[in-house]
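Hi everyone, thanks for coming.

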Amino acid sequence: MDSKNGRQCIGCEVTSCRFNKRGCECELPAILVRPSCNCHSGEADESMCSSYECK
């Protein structure tokens, strides 16, 4: 995965993820987002964070 120049802010409310800080921030320098399996809705539920790890 290529690195982005500069800084990016990743907001995340998935508190069960080990990379979640203070309930609203992701501490990873980059995330990987993949499409959900068998979902072609064109809606927000079509993708999910593939960098997720359970606490």
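Let's start with a definition: a disulfide here is a pair of cysteine sulfur atoms within 2.5 Å. By that rule, the count is zero disulfides. Before I go on, this is a predicted model, so local features need pLDDT of at least 70, side-chain atom pairs count only at pLDDT 80 or more, and totals for chains, interfaces and linings use all residues. Residues are numbered from 1 along each chain as its sequence is written, and side-chain values use heavy atoms, with hydrogens and water left out.

Next, Ser51, which comes in the segment after β4 (47-49); strands are DSSP runs of E, at least two residues, numbered from the N terminus. Is Ser51 buried or exposed? It counts as buried, at 16% relative accessibility, where buried means under 20% relative accessible area, exposed over 50%, and partly exposed in between, with a 1.4 Å probe and protein chains only. Cys24, at 41%, counts as partly exposed.

And what does Ser51 touch? Contact means heavy atoms within 4.5 Å. Leaving aside neighbours within four places in sequence, Ser51 is in contact with Phe19, Leu28, Ala30, Ile31 and Leu32. With Leu32, a polar atom of the Ser51 side chain lies 2.8 Å from the backbone nitrogen.

Notes
Helices (H or I, at least four residues) and strands (E, at least two) are DSSP runs, numbered from the N terminus. A polar contact is a pair of N or O atoms within 3.5 Å; within protein, one must be able to donate a hydrogen and the other to accept it, and residues adjacent in sequence count only if both atoms are side-chain atoms.
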